[in-house]
Amino acid sequence: MIEVHELSKSFGKIKAVQSVSFSAANGQITGLLGPNGAGKSTTLRMLYTLIKPDSGFARIDGFDITESPINVQRHIGVLSDAQGLYPRLTARENIRYFGRLHDLNGLELEQRIEGLLAVLDMQSIADRKTEGFSTGEQLKVAIARALVHDPKNVLLDEPTNGLDVKSTRAMRQLIYKLREQGKCILLTSHIMQEVAALCDHIVIISNGLVSAQGSPNELLLRTGKNNLEDAFIEVIGSEEGLQ
Amino acid sequence: MNKIWIICQKEVVDSMRDYRSWSTGLFWAIFGPLMIGGILLMVGSSFREDVEKPLNLPVQNSQNAPGLIQFLQGNNVIVLPAPADPAAAVRQGDVDVVLIIPKEYRENFPLSETATVELVLDSSRQSASVNITRIENLLDGYSKYIGSLRLVARGVSPQVIEVVAIRQVDVATPQSRANLLVSFLPYFIIFAIFNGASPIILDTTAGERERRSLEPLLINPLPRRTFVLGKLLAAFPFSLASLGITLIGFGIVFNVLPVEKFLGTRIELNGKTLISIFLICLPIIFFASAIQMLVASFSRSTKEAGTYLPFIALVPSLPGLALAFFPVKATLWTMLIPTFGQQILINQFMRLEPISALNAVVSSVMTILVSAIITLAAVKLYEREQIVIGKG
């Protein structure tokens with residue numbers, strides 16, 4: 001459960017995020033949609049506590065992001081924009097490292113890793129060093145290490161960016177699976193079709209502001225359009241930066 | 001504490017697999033011993049120039065001064081014919097020094113007027129200095145000898161012109177001749193400690209940022225100091241190994257090479273001395289890792305950090321170079337400066353001088369204290385959100 005209340009963040013003169021409010025419920029996929037540079041990643045970075053808001057607050061499972069960042073980090077799994085791996089470690093070692101940093105160890109940890117390797121269909125690359133992995137393979141390792149501690153809230157920054165069709169489908173299947181497990185999923189995307197296809201709740205951000213939010217149906221009703229694509233463009237006011 | 005260990009362990013395993021970078025660090029560890037050993041072999045023998053060996057002296061126009069030539073030959077000098085172009089021969093190093101006796105000598109000498117001889121020499125040639133001094137002393141001796149005889153012939157006591165007699169009391173032991181060489185040792189030891197740590201520091205800080213793995217790492221539920229301490233600790237074994245290898249290298253050089261023959265004495269680098277040096281250097285491992293960590297974390301890329309670190313390694317080594325030329329006494333204030341105090345102490349250990357326990361303690365405590373403050377600064381740097389955003 002993620003609650004965001006009037007979060008704002010500026011970098012110098014640039015107002016990256018202005019008074020953004022929304023909430024993301026458990027068992028739902030919430031999508032932050034907006035053109036590049038709209039403030040989606042900044043919002044997410046504030047939620048995973050790497051940058052501090054100038055004003056407003058947000059809570060994840062009741063923990064405030066500024067007051068108890070460590071507790072927040074315990075309850076989230078994050079696929080950030082930066083997905084760098086350790087090229088001299090194997091895929092399994094990369095995942096294990098993050099598991100150990102989340103207090104997991106021994107048999108419990110190994111079973112978690114084994115489970116994730118199976119779900120992500122990556123047993124064949126598990127014991128290879130990640131140097132030279134394809135984009136899709138790298139993403140699998142990055143997602144596995146983000147989920148190794150079985151977080152209740154999953155934050156994904158542009159999860160299908162740069163993936164081919166097959167990997168995109170696999171990623172979507174995984175996101176649905178996480179929803180079935182009752183997790184709260186918050187993802188960002190600048191791809192309208194993706195958000196339209198995946199999300200139960202859509203928050204549209206442009207120029208650091210929330211321009212509209214609601215379920216796909218609600219958005220259609222509000223804009224009087226008969227497809228989501230037209231609804232998005234109506235809300236944002238232009239097609240710039242969207243796909 | 002447990003988490004610091006997990007991070008340290010991962011970084012050590014990761015770095016061990018980076019064969020290229022740690023082997024570069026190792027190269028620096030053996031560089032010092034190789035260098036000093038090389039210098040010993042090359043110039044060591046020139047220190048030990050035997051004064052009693054006959055000296056070859058090319059003389060031009062020796063027929064102009066038969067008395068002088070006889071005097072020289074009586075003092076273990078072999079007079080040789082001079083090369084055609086004495087200046088060129090000296091400049092090229094074919095001969096150390098050439099004596100030229102001008103025609104005027106023949107005229108001036110019998111008239112008891114000052115007769116001039118010329119010495120062609122190259123004062124910048126270190127290896128020739130022993131021979132040059134020897135010839136100068138001989139010529140001076142001849143001059144005084146003849147002068148005295150002339151005074152006596154005129155009924156004047158030679159003591160009239162000898163206003164002050166200089167009697168040199170040379171306290172230089174053969175060992176202190178080796179001091180110059182020995183003074184370079186601490187420089188290489190400190191250098192090895194820094195260079196052992198730097199590839200690991202570089203990879204775990206600037207490298208982590210460049211690989212874009214820092215952001216995911218920092219999302220793990222740990223205070224920033226845990227990351228900093230884990231990474232810092234990971235550099236210790238590499239730095240420690242580098243220190244150990246350098247010391248063993250120096251031990252081998254000074255115990256296997258005939259140092260005694262080259263320098264007229266032994267330099268004490270026995271097991272006990274080496275262990276003392278090792279122990280006194282341990283706090284520098286902390287210092288070298290911490291200061292390099294701070295600088296590398298501040299840099300925007302591995303490349304940028306890679307240009308700073310060798311410089312950082314050089315700065316604390318500078319006092320060591322200075323020590324080679326301006327020996328500093330082991331006063332308490334010198335012990336307050338990390339790496340400087342240790343260099344003085346290393347020098348003392350090797351010279352078997354008595355070590356003040358207070359100096360050793362102050363030097364160690366101060367180095368640890370300064371390193372702790374630097375580490376704290378690195379933690380503060382990691383707590384800033386700029387570390388993630390990537391703006392310095």
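What percentage of the 392 residues of chain B count as buried? The share is 38%, where buried means 20 or more other C-beta atoms within 10 Å of a residue's own, with C-beta atoms placed from the backbone. This is a predicted model, in which local features need pLDDT of at least 70 and side-chain atom pairs count only at pLDDT 80 or more, while totals for chains, interfaces and linings use all residues. Residues are numbered from 1 along each chain as its sequence is written, and chains are lettered from A in the order in which they are written.

View 1. An automatic or database domain assignment gives domain 1 (2–45 + 177–389) and domain 2 (50–169). Their C-alpha centres lie 52 Å apart.

**View 2. The largest nonpolar core.** Here is a set of 143 residues, made of buried Ala, Val, Leu, Ile, Met, Phe, Trp, Tyr and Cys joined through C-beta atoms within 7 Å. Among the members that touch the most others are A:Leu47, A:Ile204, B:Ile189 and B:Ala290. Helix α13 (residues 271–298) of chain B supplies the largest share, 15 residues. Apart from this core lies another, of 16 residues, including B:Leu68 and B:Ile101.

**View 3. Around B:Ile189.** Beyond its neighbours within four places in sequence, B:Ile189 is in contact (C-beta atoms, placed from the backbone, within 7 Å) with B:Gly32, B:Leu243, B:Thr246, B:Ile277, B:Cys281 and B:Ile346.

**View 4. α9(B) against α13(B).** Helix α9 (residues 185–210) of chain B packs on α13(B) at about 35 degrees, with the axes 8 Å apart. Axes are lines fitted to C-alpha atoms over the stretch in contact, and angles run from 0 to 180 degrees between N-to-C directions. Among the residues that meet are B:Ile193 and B:Phe194 in α9(B), and B:Ile284 and B:Ala288 in α13(B). The contact divides into 15 nonpolar, five polar and no charged residues, with Ala, Val, Leu, Ile, Met, Phe, Trp, Tyr, Cys and Pro counted as nonpolar, Asp, Glu, Lys and Arg as charged, and the others, Gly among them, as polar.

**View 5. Where the chains touch.** Chain A brings 21 residues to the contact and chain B brings 19. On the side of chain A, α3(A) gives the most, with four residues. By class, that side has twelve nonpolar, five polar and four charged residues.

Note on methods:
Buried ≥ 20, exposed ≤ 12 C-beta atoms within 10 Å, placed from the backbone. Helix = DSSP H or I, 4+ residues; strand = E, 2+ residues; numbered from the N terminus. Contact = placed C-beta atoms within 7 Å.
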